[in-house]
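Open the model in your viewer and keep the selection tool at hand. The stops below say what to select next and what is there.

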Amino acid sequence: MTSPDPQSLPFPSSPVAPEMMDGSRTIRFRCRPGIACWNACCSNIDISLTPVDILRLKHRLDLSSTEFLDRYTVPYELEKDGLAGVKLRPVDGGTACRFMTAAGCSVYEDRPTACRYYPVALLSMRHQDEYTDREAYALVKEPHCLGHDEPRSLTIDEYRAEQGVAEYDELGRGWRQLVLKKKSSGPTVGKPSKRSLQLFFMACYDVDRFRQFVASDGFSALFDLPDEELHETLLDDTKLRQFGFRFLRQVLFGEATIPLRADAAQARAQRAHEKAARLEREAAERAARDDGMYDEN
Ligand code: SF4
Ligand code: SF4
């Protein structure tokens with residue numbers, strides 16, 4: 001089972017049919033216990049997880065997000081030298097999903113978004129510098145999956161409703177939009193610092209560590225969030241997740257929606273001023289050295 005890159009269009013050698021479809025398109029598909037290919041899709045996985053998938057699974061397994069990430073996932077690059085993604089880690093020395101059992105998926109009610117959508121792929125696209133994405137779908141046809149031969153037809157919208165993806169789509173939207181904006185902005189917003197990339201990982205995937213970060217004295221010394229809002233955010237995973245996306249828009253794209261404390265803002269401006277002066281001084285020193293070398297020759 002593969003989860004296609006949310007931004008890439010299908011290509012000729014891909015199992016994703018090279019045709020974009022909308023939700024009203026009728027597909028033929030049924031997955032059922034007893035089908036000859038039962039579990040074939042979960043025996044060779046490449047499943048990207050969204051922040052919502054991690055929340056659901058860590059609650060299901062009664063783990064902290066940090067423990068869940070350590071035990072069940074591997075990081076990967078969503079883009080070269082940039083934002084990180086997280087994939088389900090297969091069984092040791094194999095390719096099968098750790099949640100696969102002979103009876104099927106052991107976390108079925110909380111299975112990840114990609115598993116719910118399969119064999120439909122969600123394609124999100126957006127224009128540069130916009131947050132609003134457009135959604136389209138494609139059909140994934142892998143030779144091992146016999147569900148396409150089953151005598152059942154339904155629209156993609158009906159299939160999405162059956163699989164309960166609407167809630168996942170809604171909660172995952174903030175994350176998808178951040179990733180798409182970063183990918184399509186490219187170098188225009190500069191390369192994020194190592195610290196920004198760490199904050200992205202924590203705010204998107206490691207919700208329990210992000211909670212500690214937001215509750216820390218260091219955070220309150222820098223950001224001026226009303227006490228009530230801070231309290232409500234810390235108590236609710238979903239609110240904390242949405243706050244994380246807002247925080248990341250500020251860190252990555254400079255959208256200043258979380259007020260800085262006046263003294264912290266002043267200290268930050270002073271540091272920026274000192275850094276600019278240092279860079280200017282170093283450039284002048286380099287130019288003077290280069291002139292000297294030129295004179296000696
Ligand atoms: S989470 Fe469940 S449905 Fe998804 S690959 Fe694993 S066993 Fe299969
Ligand atoms: S029909 Fe497709 S999705 Fe269902 S078990 Fe077989 S391979 Fe997996």
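Which residues of helix α4 are buried? Select residues 156-163, the span of α4, in this predicted model. Ile156, Tyr159 and Arg160 are the buried ones. Look down the axis of α4: the buried residues fall within an arc of 100 degrees, so they line one face of the helix. Now step to Gly164, which follows α4 and has a positive phi, near 65 degrees.

**The whole chain**

Zoom out to the protein chain. It has 11 helices and 9 strands. Of its 297 residues, 25% are buried. Among contacts with a separation of 6 or more, 72% are between residues 24 or more positions apart.

Colour the chain by pLDDT. The mean is 86, and 86% of the residues reach 70 or more. Then select residues 4-13, where pLDDT stays under 50. For this stretch the model has 16 contacts beyond four places in sequence.

**A sheet of three strands**

Select β2, β3 and β4 together. They form an open sheet in the order β2-β4-β3, with antiparallel pairing. Why is one side of β2 and of β3 left without a neighbour in the sheet? β2 (48-49) and β3 (73-77) stand at the edges and each has a single partner strand, so one side of each has no neighbour there.

Take the β2 side of the sheet next. 2 bridges join β2 to β4, which covers residues 84-88. Ser48 has Lys87 in β4 as its bridge partner, and Leu49 stands opposite Val86 in β4.

Pick Glu77 and look across to Ala84, its bridge partner in β4.

**Gly172**

Select helix α5, residues 165-185, and find Gly172 in it. Is Gly172 buried or exposed? Gly172 counts as buried because it has 20 C-beta neighbours inside 10 Å, and 20 or more is the cut-off for that class. Leaving out residues up to four places away in sequence, Gly172 touches Thr50, Pro51, Val52 and Thr113. Use the distance tool on the C-alpha atoms of Gly172 and Arg241: they are 69 residues apart along the chain and separated by 9.7 Å.

**The loop between α1 and α2**

Select α1 (51-60) and α2 (65-72), then the loop between them, where Ser64 has its place. Ser64 has 14 other C-beta atoms within 10 Å and is therefore partly exposed. What does Ser64 touch, not counting residues up to four places away in sequence? It touches Lys58 and Asp208. The C-alpha atoms of Ser64 and Asp208 are separated by 6.5 Å, although the two residues are 144 residues apart along the chain.

Asp62 lies in this loop between α1 and α2 as well. Asp62 counts as exposed because it has 8 C-beta neighbours inside 10 Å. Its phi is near 55 degrees, a positive value in a residue other than glycine.

**Two ligands**

Select ligand 1. There are 12 residues around it, and the closest are Cys42, Cys97, Met100, Cys105 and Cys115. By class, this shell has 11 nonpolar, no polar and 1 charged residues.

Next select ligand 2. The residues around ligand 2 include Cys31, Cys37, Cys41 and Cys145. Trp38, Asn39, Tyr118 and His144 are also among them.

**Two residues beside ligand 2**

Stay with Asn39, one of the residues surrounding ligand 2. Asn39 is found in the loop between β1 (26-28) and β2. Its phi is positive, about 75 degrees, although Asn39 is not a glycine. With 16 C-beta neighbours inside 10 Å, Asn39 counts as partly exposed.

End at Tyr118, also one of the residues surrounding ligand 2. A cis peptide bond joins Tyr118 to Pro119, with omega about 10 degrees. Pro119 is found in the loop between α3 (113-117) and β7 (120-125).

Terms used: Residues numbered from 1 in each chain as written. Chains lettered and ligands numbered in written order. Predicted model: local features only at pLDDT ≥ 70, side-chain atom pairs only at ≥ 80, totals over all residues. Near = placed C-beta within 6 Å. pLDDT = per-residue confidence, 0-100. Contact = placed C-beta atoms within 7 Å. Pairing = 2+ DSSP bridges. Helix = DSSP H or I, 4+ residues; strand = E, 2+ residues; numbered from the N terminus. Buried ≥ 20, exposed ≤ 12 C-beta atoms within 10 Å, placed from the backbone. Arc of directions from axis to C-beta. Nonpolar A, V, L, I, M, F, W, Y, C, P; charged D, E, K, R; others polar.
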